Amino acid sequence: MIVTCVYVHVKTDSIEKFIEATTTNHLESVKEKGNLRFDLIRQADDKNRFMIYEAYESEEAAAAHKNTPHYLLWRDTVKDLMAEPILVN
């Protein structure tokens with residue numbers, strides 16, 4: 001299993017747009033072959049911070065996600081909504 005945690009700090013005026021775009025990405029990502037889990041988590045003490053938790057069966061499945069139309073749309077939609085660069089672990 002391959003797990004990726006994506007830490008996101010969203011601009012205050014962009015939160016709703018970020019949630020909408022990420023929800024759309026989530027709904028398609030969970031349909032992907034090899035996807036085990038895809039969650040959007042909001043930090044309790046800072047409503048501008050989120051974590052996206054992605055779990056895939058293999059490196060190949062995780063890499064394939066980065067080439068899907070829904071991921072590419074999400075990436076392009078949220079790039080200007082960030083208060084700082086995304087951190088990926």
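This report describes the sheet, the helix packed on it and the nonpolar core of a predicted model.

## Basis of the description

Residues are numbered from 1 along each chain as its sequence is written, and side-chain values use heavy atoms, with hydrogens and water left out. Because the model is predicted, local features need pLDDT of at least 70 and side-chain atom pairs count only at pLDDT 80 or more, while totals for chains, interfaces and linings use all residues.

## The sheet

Four strands form an open sheet in the order S2-S3-S1-S4, with antiparallel pairing; strands (E, at least two residues) and helices (H or I, at least four) are DSSP runs numbered from the N terminus, and two strands count as paired if DSSP finds at least two bridges between them. Since S2 and S4 stand at the edges with a single partner strand each, one side of each is left without a neighbour in the sheet. Helix H1 packs on this sheet, where it touches S1, S2 and S3, and its direction makes about 165° with that of S2; such angles run from 0 to 180 degrees between N-to-C directions, and the axes are lines fitted to C-alpha atoms, for helices over the stretch in contact.

## How the strands pair

S1 and S3 run antiparallel and are joined by eight bridges, in which isoleucine 2 has tyrosine 56 of S3 as its bridge partner and cysteine 5 has tyrosine 53 of S3. On the other pairing of S3, strand S2 (residues 35-42) is antiparallel to S3 over seven bridges, with asparagine 35 opposite tyrosine 56, and a hairpin of six residues joins S2 to S3.

Strand S4 (residues 87-88) pairs with S1 in the antiparallel sense over two bridges, and valine 88 in S4 is the bridge partner of valine 6.

## The nonpolar core

A nonpolar core is a set of buried Ala, Val, Leu, Ile, Met, Phe, Trp, Tyr and Cys residues joined through side-chain atoms within 4.5 Å, where buried means under 20% relative accessible area (1.4 Å probe, protein chains only). The largest such core has 17 residues, of which Val8, Val10, Phe18, Phe50, Ile52, Trp74 and Val78 touch the most other members. At least two residues of this core come from each of S1 (2-9), H1 (15-29), S3 (49-56), H2 (59-65) and H3 (69-78).

Six of the eight residues of S3 are buried, so this strand is largely enclosed by the rest of the structure. Leaving aside neighbours within four places in sequence, tryptophan 74 is in contact with Phe18, Ala21, Thr22, Asn25, Ile52 and Ile86, contact meaning heavy atoms within 4.5 Å.

Technical notes:
Buried means under 20% relative accessible area, exposed over 50%, partly exposed in between (1.4 Å probe, protein chains only).
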